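Please take a moment to look over the sequence and the structure shown here, and keep both within reach while you read. The paragraphs that follow go from the places where chains meet to a few places inside single chains.

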4 protein chains.
Amino acid sequence: MAIKELIPRSHWLTSLKVKTERTRVKVGPYEIGGNELVIMAGPCAVENREQILETAVEIAKYGGHILRGGAFKPRTSPYSFQGLGGEGLELLSLAKARTSMPVITEVIDTESIAKVAEVADILQVGARNMQNFPMLKKLGRIKKPILLKRGISARVEEWLLSAEYILSEGNSQVVLCERGIRTFETATRNTLDLSVVPLVKSMTHLPVIVDPSHGTGIRSIVGTMAKAAVVAGADGLLLEVHPCPEKAFSDGDQSMDISEFAKLMEDLERLVKFIDKSL
Amino acid sequence: MAIKELIPRSHWLTSLKVKTERTRVKVGPYEIGGNELVIMAGPCAVENREQILETAVEIAKYGGHILRGGAFKPRTSPYSFQGLGGEGLELLSLAKARTSMPVITEVIDTESIAKVAEVADILQVGARNMQNFPMLKKLGRIKKPILLKRGISARVEEWLLSAEYILSEGNSQVVLCERGIRTFETATRNTLDLSVVPLVKSMTHLPVIVDPSHGTGIRSIVGTMAKAAVVAGADGLLLEVHPCPEKAFSDGDQSMDISEFAKLMEDLERLVKFIDKSL
Amino acid sequence: MAIKELIPRSHWLTSLKVKTERTRVKVGPYEIGGNELVIMAGPCAVENREQILETAVEIAKYGGHILRGGAFKPRTSPYSFQGLGGEGLELLSLAKARTSMPVITEVIDTESIAKVAEVADILQVGARNMQNFPMLKKLGRIKKPILLKRGISARVEEWLLSAEYILSEGNSQVVLCERGIRTFETATRNTLDLSVVPLVKSMTHLPVIVDPSHGTGIRSIVGTMAKAAVVAGADGLLLEVHPCPEKAFSDGDQSMDISEFAKLMEDLERLVKFIDKSL
Amino acid sequence: MAIKELIPRSHWLTSLKVKTERTRVKVGPYEIGGNELVIMAGPCAVENREQILETAVEIAKYGGHILRGGAFKPRTSPYSFQGLGGEGLELLSLAKARTSMPVITEVIDTESIAKVAEVADILQVGARNMQNFPMLKKLGRIKKPILLKRGISARVEEWLLSAEYILSEGNSQVVLCERGIRTFETATRNTLDLSVVPLVKSMTHLPVIVDPSHGTGIRSIVGTMAKAAVVAGADGLLLEVHPCPEKAFSDGDQSMDISEFAKLMEDLERLVKFIDKSL
């Protein structure tokens, strides 16, 4: 009976002891994990042609690098908007053609990996799927970068082991994303745990980015926490931006509008100098 | 653009207001949610022929109703034992034939649902997959009972909405299972939340069972908490039992041995009279 | 420079290894930690003469042992009812004289210890004061029993060390009380952690009781959880009972009325036989 | 029977709606809550004459404003170092005379308030005492500034209400201090919740500072999180600095040494320009 032994942490493929050089994940013309702060922005969900095109154009205009937008939406209730599915992917394709921005979108099951990978330049694994091990294994066998969100109550070690599932299957293009954890606090949607940024970067060579939109759930503080995340050492940001947050199908409370996004980009441009990065 | 509105809680299919009669889920000759306390017991993982057959025979002997045993194991680390897979299912089949006990085993992805459903009399959705919505939807379209474990940090409302995913696709044979939540406490593996048993039963017509093995992670208190769960109103128990917990491939620290299981069954026989149930 | 070394857990005065015989705490004619299940019941706060006398008489009538009632109330808001203070103590005295029941009431600062100890047969340290070390030290120097509630986010080890503060000053008459911990769950006021009952009893010789009123915050499930607590091994219960919960100055949502209390006492009388205790 | 009604949040004395001008708390020649970033630094505990004098001189040299150092130490175990008490206060006095730095130190009970207030320019209420209401009330009647740490599992609303206890007694010189909350994460001592900084500042006129030492418990990331806190909007920092962290009587794992502190001050000098503050 062969039981694979638990490999000690210092031998994990994700460990900074195994690979001392920091991993840079290439997404289109950008590199996450290098000197550039990479900004991924867009609506929570692709809602229709006008919405995604308008948002994409504005994000590109103000210096965003990668367009985000959900086609398959994992929703707590079966009665909430579940995303446009295949149609959403087509609209993302269109936005990509229009703006030349690479695209990030979420994959929620193994069946649709191939379809999502046709459009996405980087595939997002949401917090709820951080321990969907069969899906992680399959994502370890494709040639596209993966963004792995931290589970809502995942300890650092579990998060790294989920990344290990992907690396151990052959795909080392993994970006970690902190997006808030669940605590007793009810004033915020989640508690954004920025301390994991320097902590995780002391343990692994993989890049780490931060999603202050889900991390706080409060539009008015997203910009501030985005800047704090950058100073904490984040290699990039994942931001929800919507042309009209009040009318968003989902996550309107935590979405910036275009002018808030433009203002943040301006602030970041000044801030990156402080941390020897570029934007 | 048609967006399905969020249906209010009082109209959910899981709501006791929509269906005032308690659901009884039939598994083999047993009914979960009726007057009988249903005991599901067995090893965390099917390890080999001898282990599963011996355990099954002993569990049947001491009055257990349903045999549990994992063939596909979701494990935090890719380097931990992942279960015997298809071979594990065959061994479960054998144990079932030998003892006439119905079988419960976990399903971890949509691809293997059909295969698992051939052997299992009730399919278990683990805590990590409580919000694996594509899988829940598919499980809503099969004709087998589903055991839905509460996610490690799931609020009651989210748990019920995950059940709603299954019911809204047509399968109303759902049993809820409390298995401990993640808190700051480190003395136990999880914090077993028995108060959800009466609470959830005041909200839904679905049966609720308790898993004190995962719920505590401490073998010496599993029996006591099993009894407390029954008094809290649980319709059944899910127990890890192993002929030799010290040598178990997984979860040995929280598995009862045969004599502990036998003692618990004896205690339960006396206790059920107190709550007007039978065993 | 003399620094007292941290004494290892096996040498703590609270440890079952240091004192293998279980401590019985005598309160009036009752012993907590022996074969008797001890019921402490009464209103959250002493509100007026009629309320406390009526409740006391009813509780005695249905078999309660010790009368609870707060004179000094620690309240989250400075604008909430803060208790009747000295007048509340006098009313408790009156109720005690009328019913011959011993009294438990809360002490919230070092200044009032002497005054509270004149009336109280056992002094309660609330969850918020579990780590009020100067107060614990002073309570360690009096000759009255102490009920030490677990802090809202206290780990088991911290709770035992707070008891150690009392024992190390010379007072070994300490009863521990689980009253729910703070988690992400919002459907209940707190998460009642019954698993600590058998766990803590395996670590310490001190008695452990449970407060299902604060532990759940939901009146309709208090009785059920009280019974589950008893089966989990609790040496007693602390219950909020109010003649008219709807009109209570505080904690009305979680207070039983007299008939609910009477019904619980009836159930407990049958249940204690199962666990070889008496009521 | 007069019961004071719960005053709605918009009428609390701490509310930004009641007082729209931001409170500036004067401590010696410094103002917390204005344009200056105020740095409080020093050892967890005053250990001896040499240690506190050396640390004070070095902190002053590198630009720290206020000297911190505990004389009365609330410790989880009664067997841990409890502080030098009165002798510690005298040593703080000496360090203050030597460096002209104002001093912050913790008060742990009502009896010692007067004694502590003789030496301290600002009195610290520790996390464990955030809901020690009798002490808060007394602190509301003195003429010294108060630093109120957030309890380890306090919700924002509870923290503000604890401040309200002080303000409602007449003392409006209150500084709030975020110091990490208790979550399931075990890789850090606490989870530093920086999102409360902008959130709380949108609710109250009181200044907010951050303690990244307790907030993380990990020396190597304290500096980074200190900078993130400043960008999140903190009005100041509370830092543990020890000339030889390896030999500290307490909290050595999270204390910076002098050179780390010097480096942080250098970084902050550049960073404050970004947020239009001075150092």
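What follows is a walk through a predicted model, taken one region at a time.

We begin with chain B and the side that it turns towards chain A. Here 41 residues of chain B are in contact with 41 residues of chain A, and the area buried between the two chains is about 3,700 Å², of which carbon and sulfur atoms give 55%. In chain B, the residues that lose the most area to chain A are B:T76, B:Y79 and B:R182, which together account for 21% of what that side buries. As background to such figures, the size of an interface is often given as the accessible area lost when the parts come together.

Between chain B and chain A the count is four salt bridges, and one of them joins B:K138 to A:E111, with the closest N and O atoms 3.0 Å apart. Across this interface there are also 21 residue pairs in polar contact, where both residues have pLDDT of 80 or more. On the side of chain B that touches chain A, the elements that give two or more residues are α4 (133-139) and α5 (156-167) of chain B. When the residues of that side are sorted by kind, they divide into 19 nonpolar, nine polar and 13 charged.

The contact takes 35 residues from chain B and 35 residues from chain C, and the two chains bury about 2,800 Å² between them, with 73% of it on carbon and sulfur atoms. The count of salt bridges between chain B and chain C is two, and in one of them the side chains of B:R150 and C:E185 meet with N and O 2.7 Å apart. The residue pairs in polar contact across this interface, again with both residues at pLDDT 80 or more, number eight.

Which elements of chain B give two or more residues to the side that touches chain C? They are α6 (196-201), α8 (219-231) and α9 (258-274) of chain B, and among these α8(B) gives the most, with six residues. The residues of this side of chain B divide into 18 nonpolar, eight polar and nine charged.

In chain A, A:F133 and A:Y165 form a stacked pair, with 4.5 Å from centre to centre and 20° between the planes. This pair links distant parts of the chain, since A:F133 belongs to helix α4 (residues 133-139) and A:Y165 to helix α5 (residues 156-167) of chain A, 32 residues apart. A:F133 counts as buried because its relative accessibility is 3%, and A:Y165 is likewise buried, with a relative accessible area of 1%.

At 7% relative accessibility D:F81 counts as buried, whereas D:F249, with a relative accessible area of 22%, is partly exposed.

Staying in chain D, we come to D:D211, which sits in the loop between β9 (208-210) and α7 (212-216). Is this residue buried or exposed? D:D211 is buried, because its relative accessible area is 0%. The side chain of D:D211 makes a polar contact of 2.8 Å with the side chain of D:K149, and a polar atom of the D:D211 side chain lies 2.9 Å from the backbone nitrogen of D:S213. Leaving aside residues up to four places away in sequence, D:D211 touches D:K149, D:C177, D:E178, D:R179, D:L192 and D:L238.

The last stop is helix α8 (residues 219-231) of chain A, which is largely enclosed by the rest of the structure because ten of its 13 residues are buried. Among these buried residues are A:I221, A:V222, A:M225 and A:K227. After α8(A) comes A:G233, whose phi is positive, near 110°.

Note on methods:
Residues numbered from 1 in each chain as written. Chains lettered and ligands numbered in written order. Predicted model: local features only at pLDDT ≥ 70, side-chain atom pairs only at ≥ 80, totals over all residues. Heavy atoms only, no water. Contact = heavy atoms within 4.5 Å. Buried area = accessible area lost by both parts, 1.4 Å probe. Polar contact = N/O pair within 3.5 Å; in protein donor to acceptor, adjacent residues only side chain to side chain. Helix = DSSP H or I, 4+ residues; strand = E, 2+ residues; numbered from the N terminus. Nonpolar A, V, L, I, M, F, W, Y, C, P; charged D, E, K, R; others polar. Phe/Tyr/Trp six-rings, centres within 6.5 Å; stacked < 30°, edge-to-face > 60°. Buried < 20%, exposed > 50% of the residue type's maximum accessible area, 1.4 Å probe, protein only.
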